[in-house]
Amino acid sequence: MKPLSVLICVLSVSFAVTASRTGDALTGGVTTTEETGGSPAPARGFVNLVPMQGWPQHINTHPNYKPSGLTLVDLNGDGKLEVIAGSTDNTLNVWDCKGNMMAGWPKTLPGMIQSKAAVGDLTGDGTPEIVVSARNGYVYVYEPDGSAATGWPQNANGVIGFVSPTLFDVDGDDTLEVIMVQMQSGQPGHVYVWNHDGTVMPGWPQNMDYLGVATASAGDVDGDDD
């Protein structure tokens, strides 16, 4: 039997890749370029994200505990988003879009902040509130100017780590309730629900059969308008 000869043909092809390069977002600085490359792998277009004016900003952290997440919201109604970030150095920071610390901030809490803040108009007066949980087990509510909201903070009686508050109109009164899941090592977790003024909603808290380590969700699951 004659040996089988196999011929492998390699075709070299050039590809054009479109890459968007972002400049200062406030001036709409976005440019598009084309780059070419050959097979077997086409060239990759790398997006160069240029920091906006005034950024980055630095926050301190605990050496053994790290924070998680940012919240973006227009607190003062100027059409631009503020940046809210808590940290494990116990501070809650609010910057404007240019990296300037907003008046009245930062706030120093008695516990580390490891989760994202929730923001909503708790009272329905048109002004949003900032709701944040700390590892010391308390939930804090602040006005955009950094002042503490009446009736807060409230104690969830346990450790709160990477769990954020949930804001939802539970009872249909056009104000937002604050829902908080809490864990306590070696014991069942709890779910707290407070009215916007910090009073406990009737029927709460409720115990779970194990640790509460995740942010709650709220909605009309069964379609009965509750």
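A contact here means heavy atoms within 4.5 Å. Among contacts in this chain between residues at least 6 apart in sequence, 45% join residues at least 24 apart. The structure is a predicted model. The chain has 14 strands and zero helices, and 34% of its 226 residues count as buried.

**Overall make-up**

- From the N terminus on, the elements run β-β-β-β-β-β-β-β-β-β-β-β-β-β.
- The chain exposes about 13,200 Å². Carbon and sulfur atoms supply 55% of that area.

**The sheet of β7 to β10**

- Strands of a sheet pair through backbone hydrogen bonds, either parallel or antiparallel.
- Four strands form an open sheet in the order β7-β8-β9-β10, and their pairing is antiparallel.
- The edge strands of this sheet are β7 (118-120) and β10 (154-155), each of which pairs on one side only.
- β9 and β10 run antiparallel and are joined by two bridges.
- Tyr138 stands opposite Asn155, a residue of β10.

- Strand β11 (residues 166-168) is joined to β12 by three bridges, and the two strands run antiparallel.
- Within that part of the chain, Thr166 has Ile179 in β12 as its bridge partner.
- β12 also pairs with strand β13 (residues 187-194), in the antiparallel sense and over six bridges.
- Met180 has Tyr192 in β13 as its bridge partner.
- Strand β12 (residues 177-184) is mostly covered, since six of its eight residues are buried.

**Ala218 and its contacts**

- Ala218 lies in the segment after β14 (206-207).
- Leaving out residues up to four places away in sequence, Ala218 touches Phe168 and Ile179.
- Ala218 and Ile179 are 39 residues apart in sequence, and their C-alpha atoms are 8.8 Å apart in space.
- Ala218 has a relative accessible area of 35%, so it counts as partly exposed.

**Aromatic pairs**

- A search of the whole structure finds five aromatic pairs.
- One of them is formed by Trp55 and Trp95, with 5.7 Å from centre to centre and 70° between the planes. The pair is edge-to-face because planes over 60 degrees apart count as such.
- This pair links distant parts of the chain, 40 residues apart. Trp55 is in the loop between β2 (30-38) and β3 (71-73), and Trp95 is in strand β5 (residues 91-95).
- Trp55 has 23% relative accessibility and so counts as partly exposed. Trp95 has 5% relative accessibility and so counts as buried. The cut-off for buried is under 20%.
- Trp105 and Tyr142 also form an edge-to-face pair, because their ring centres are 5.7 Å apart and their planes are at 70°.
- Trp105 lies in the loop between β5 and β6 (107-108), and Tyr142 lies in strand β9 (residues 138-142), so the pair ties together parts that are 37 residues apart in sequence.
- Trp105 and Tyr142 are both buried.
- One aromatic cluster is formed by Trp152, Tyr192 and Trp194. Tyr192 is also the bridge partner of Met180.

How values were computed: Residues are numbered from 1 along each chain as its sequence is written. This is a predicted model: local features need pLDDT of at least 70, side-chain atom pairs count only at pLDDT 80 or more; totals for chains, interfaces and linings use all residues. Side-chain values use heavy atoms; hydrogens and water are left out. Rings of Phe, Tyr and Trp (its six-membered ring) pair if their centres lie within 6.5 Å; planes under 30 degrees apart count as stacked, over 60 as edge-to-face and the rest as tilted. Buried means under 20% relative accessible area, exposed over 50%, partly exposed in between (1.4 Å probe, protein chains only). Accessible areas come from the Shrake-Rupley method with a 1.4 Å probe; for residues, only the protein chains shown count as cover. Two strands pair if DSSP finds at least two bridges between them.
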